[in-house]
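Thanks for letting me take a few minutes of the meeting. I would like to go through how the chains in this model are arranged and where they touch, so please have the picture open while I talk.

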Amino acid sequence: MSATIAELAALIGGEIQGSPETIVTGAQSTADATAVDISFAVDENNLRLLANSSAGAAVISRSLADSETAVGLAIPLILVDDALSSFCRVLEHFRPKRPRSEIGISPAAHVHDTAAIGRSTNVHPGATIGADAVIGENCDIHPGVVVGAGCHIGADCQLYPNAVLYEDVSLGDRVIIHANAVIGADGFGYQLQDGAFEKIPQLGTVVIEDDVEIGAGTTIDRAMIGATKIGQGTKLDDQIMIGHNCVLGPHNVFASQVGLAGSVTTGEYVMCAGQVGIADHVHIGDGARLASKAGVHKDLPGGQAYVGQPVQPERDGMRSLMALHKLPEIVRRMRQVEARVIEIDKLLAELDDGQQPPLAKAG
Amino acid sequence: MSATIAELAALIGGEIQGSPETIVTGAQSTADATAVDISFAVDENNLRLLANSSAGAAVISRSLADSETAVGLAIPLILVDDALSSFCRVLEHFRPKRPRSEIGISPAAHVHDTAAIGRSTNVHPGATIGADAVIGENCDIHPGVVVGAGCHIGADCQLYPNAVLYEDVSLGDRVIIHANAVIGADGFGYQLQDGAFEKIPQLGTVVIEDDVEIGAGTTIDRAMIGATKIGQGTKLDDQIMIGHNCVLGPHNVFASQVGLAGSVTTGEYVMCAGQVGIADHVHIGDGARLASKAGVHKDLPGGQAYVGQPVQPERDGMRSLMALHKLPEIVRRMRQVEARVIEIDKLLAELDDGQQPPLAKAG
Amino acid sequence: MSATIAELAALIGGEIQGSPETIVTGAQSTADATAVDISFAVDENNLRLLANSSAGAAVISRSLADSETAVGLAIPLILVDDALSSFCRVLEHFRPKRPRSEIGISPAAHVHDTAAIGRSTNVHPGATIGADAVIGENCDIHPGVVVGAGCHIGADCQLYPNAVLYEDVSLGDRVIIHANAVIGADGFGYQLQDGAFEKIPQLGTVVIEDDVEIGAGTTIDRAMIGATKIGQGTKLDDQIMIGHNCVLGPHNVFASQVGLAGSVTTGEYVMCAGQVGIADHVHIGDGARLASKAGVHKDLPGGQAYVGQPVQPERDGMRSLMALHKLPEIVRRMRQVEARVIEIDKLLAELDDGQQPPLAKAG
């Protein structure tokens with residue numbers, strides 16, 4: 001497959017700088033692009049990578065057009081408002097997505113008689129839909145997915161292979177659940193009775209609002225009472241753990257391997273980098289940003305960044321960490337000062353011996 | 001559905017304080033309860049939440065009955081010995097559990113001819129049971145579960161969807177394995193030979209004793225020789241990793257995302273909070289409690305709490321952490337003292353100049 | 001089953017010390033061996049465990065034969081070059097592996113018409129193979145595995161139950177993917193637009209080279225553009241997260257619960273202990289070794305060991321950590337020195353009062 005710059009510019013509604021007849025045969029990142037590939041630049045940093053790349057053409061942000069680096073590029077450019085989205089469309093031109101299969105309800109799926117499946121929804125071979133489950137329109141229920149009894153799933157949802165929804169879980173519209181994620185397993189609660197841990201029934205459920213995406217292998221436990229909730233538009237990466245009765249606000253973004261104990265609540269636009277851990281019953285305020293591996297044991301006001309274990313505001317935490325790295329040096333200097341003070345004491349004592357009262361008071 | 005306080009008190013064998021004719025239509029946590037809901041309180045903390053809630057009635061611990069907060073409540077109360085268990089029964093009254101399906105061995109399951117399946121055990125569609133596997137009575141083998149050849153499963157076990165048991169794994173009675181957990185994958189062992197890592201055969205197995213519960217996505221690797229063991233009554237949360245040849249004692253409780261390298265052993269009643277990591281061949285004594293994110297590299301005596309990376313007894317660790325947070329301040333004060341000592345030295349030198357011998361010795 | 005030492009020595013090509021007629025009935029680790037079991041020792045440490053064990057015989061490294069501990073053993077020994085491999089063969093003699101089933105393509109598998117499956121490859125019941133997928137010879141595609149459309153799988157690969165390959169993933173030869181691993185889920189990328197996070201299409205793929213082993217529950221995300229790559233011979237343990245566009249070199253070894261954000265690159269023979277986290281776009285040089293829980297935010301030169309959060313070279317890091325543990329003591333001493341310096345100041349001031357000028361200058 002090949003295309004001229006003119007054709008691609010028409011496709012994405014961009015403005016051409018340089019030769020419109022140049023032909024490219026693929027789209028690649030700056031790292032992988034060869035002379036027959038078109039690449040892209042969203043910012044100055046990308047532009048520098050582009051200038052050092054072999055790319056034969058590029059889609060760049062219109063705002064970069066007058067920058068020195070852009071002006072120095074000898075390749076045809078297509079200027080657009082949103083270079084990343086436009087480049088993705090170019091990429092899809094060269095590598096068209098497989099069309100969505102329209103298989104409806106596969107005879108090799110296991111669908112309970114009482115389940116209701118919406119129009120244009122695919123239920124793939126090996127998927128299981130439990131009693132009384134309701135699934136909206138245009139969903140894809142991939143092979144091996146298990147939708148428990150009584151689940152409610154909105155429209156336009158994607159459930160990737162082997163994802164599991166326990167009973168009575170509720171998903172909004174346009175929810176994406178990646179492979180092997182588990183929604184609604186029992187919360188982790190026990191009472192010690194006669195030396196053994198007795199299971200506390202987990203009788204609540206999980207509610208996932210519209211436009212949420214949940215990564216592969218992520219687990220979201222059902223509430224003991226009430227519901228564990230994931231707010232609208234929140235995005236969870238792979239292998240995240242959300243304990244029972246957590247309530248996440250809208251538009252949170254959590255990177256992989258984050259773990260939340262029970263009953264954690266968050267405001268909106270909370271961000272967690274990888275491997276953050278948050279203890280039970282903690283509240284994280286709107287717009288708080290937690291650095292990777294942060295460990296949180298108390299409520300955090302929103303609107304700022306936090307680091308460390310236990311977590312501190314970023315500025316304090318960075319100071320503590322820098323100080324920690326200087327610590328062996330500090331200890332060494334400490335010892336020198338101590339030694340010197342002891343010497344001074346000795347001197348003063350000697351000085352005192354040859355003198356009058358005042359120093360006699362020294363302890 | 002609705003019920004009077006009298007009906008609910010009869011259901012749970014409780015003593016009524018206030019109007020027995022009050023009608024409630026649901027059961028909720030204090031956070032979610034409205035005036036037509038019954039809620040509960042196990043301790044003083046719950047009581048305060050209850051006092052501030054809209055709940056129309058409550059199940060409370062008999063021991064709280066005389067507390068000032070309880071006496072001040074204007075709603076009907078039901079007094080019981082175990083408020084949590086009793087409330088769960090009330091909750092189930094309003095939201096009855098789906099009855100267990102009695103499907104036996106589904107024709108859509110893949111069960112090997114040589115497998116033996118106990119009476120009243122369900123094998124759901126899409127589950128696979130390997131050769132020579134033996135499964136006890138009253139088990140539920142949910143859709144997509146794979147029970148490898150030669151596995152032995154006791155009675156009353158729950159294997160949730162897509163859980164996987166590799167070959168020759170053994171489960172006791174009343175074991176619960178949540179969705180997508182993997183029991184018996186190969187331990188992680190290699191020998192470097194001619195520049196490449198050669199796999200060391202993992203010829204052992206996994207033995208899980210009675211009353212163990214294993215969370216969603218948790219992985220327990222098989223031993224190289226012998227068996228990885230999980231002791232009776234031990235509870236593992238989601239996304240825990242147990243390496244090959246670990247032997248966990250009875251009644252351990254591990255929160256999610258804990259990771260144990262190979263050959264770790266634990267006593268009884270060991271507790272790990274989330275994201276703890278334990279290095280290989282370490283032993284953790286009876287009743288040791290590890291705080292979240294603790295990193296363990298050496299044997300730990302039981303009976304106490306530990307924190308930090310590397311782990312320290314809680315008291316030392318909390319001191320280190322507090323000191324760490326004060327560290328930038330310490331560094332600042334350190335510099336002041338240093339500066340002052342230098343000045344004192346200078347003064348003493350000057351003092352010496354105008355004086356007799358003793359200070360001449362100062363270095 | 002039983003065997004004489006002579007028979008076992010013949011099996012593994014070893015040299016006998018002691019009675020060749022001794023009969024053993026099983027093979028066990030030193031910890032579990034009884035008088036009728038054969039055990040093994042690879043090094044001096046094993047030898048000491050062996051000396052304290054009840055084992056009735058042992059396979060040991062030839063290089064240990066003259067050691068004092070070995071000479072003192074009163075049991076028959078078989079001397080070999082590679083005691084571990086040889087013992088594994090003995091172990092398999094007593095517990096023979098189940099023969100590989102030769103079922104071909106099960107009629108209960110869901111294989112797309114356009115998929116191509118190699119000779120002697122098993123596709124088990126409940127496995128799904130998508131359109132245009134190509135699978136080499138002698139592979140085992142276990143129950144519940146999903147191979148997406150357009151995937152290419154080499155020869156002699158093992159895909160354990162419920163592993164998922166999204167579309168267009170590529171595996172080399174002799175690749176092992178353990179249960180519930182997910183290869184090729186969407187990378188985690190969004191743009192904030194009008195207050196909501198819009199998904200950035202993840203149009204790349206994942207390429208896994210020859211002889212790679214991937215643990216249970218591990219997730220490897222597909223690239224946005226280009227490919228996430230796992231180099232030849234690299235071994236990943238359970239529950240590891242590899243973000244989009246990472247490129248791992250050959251012969252890396254990562255223990256469980258390691259997490260890599262996007263676009264991390266590694267050289268060859270990089271080792272990560274458990275729960276390491278690496279931030280996006282970082283490069284780790286050849287032969288770097290990261291200790292458990294290390295947190296990496298910048299490029300690391302190869303050839304050395306690193307520890308801590310943030311990571312430091314091992315020596316610096318160990319010093320910082322030791323200093324950290326001494327910190328409360330340092331703070332205490334710091335306060336003493338401060339107090340003493342204040343006293344000295346006072347003394348000097350008093351001394352000054354009874355004297356001539358020089359000290360009058362003191363601040």
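Predicted model: local features only at pLDDT ≥ 70, side-chain atom pairs only at ≥ 80, totals over all residues.

If we take chain C and rotate it by 120°, with 0.0 Å of shift along the axis, it superposes on chain A with an RMSD of 0.1 Å.

Let me turn to the contacts, beginning with chains C and A, where 53 residues of chain C are in contact with 54 residues of chain A. On the chain C side, the elements that give two or more residues are strand S21 (190-193), strand S22 (196-199) and helix H5 (314-353). Of these, H5(C) provides the largest share, with 16 residues. Sorted by class, this side of chain C has 26 nonpolar, 18 polar and 9 charged residues.

Now, what does chain C bring to its contact with chain B? Here 54 residues of chain C are in contact with 52 residues of chain B, and on the chain C side helix H4 (83-94) and H5 each supply at least two residues. The largest share comes from H5(C), which gives 12 residues to this side, and by class the side divides into 25 nonpolar, 19 polar and 10 charged residues.

Terms used:
Residues numbered from 1 in each chain as written. Chains lettered and ligands numbered in written order. Contact = placed C-beta atoms within 7 Å. Helix = DSSP H or I, 4+ residues; strand = E, 2+ residues; numbered from the N terminus. Nonpolar A, V, L, I, M, F, W, Y, C, P; charged D, E, K, R; others polar. Least-squares fit on C-alpha atoms with pLDDT ≥ 70 in both.
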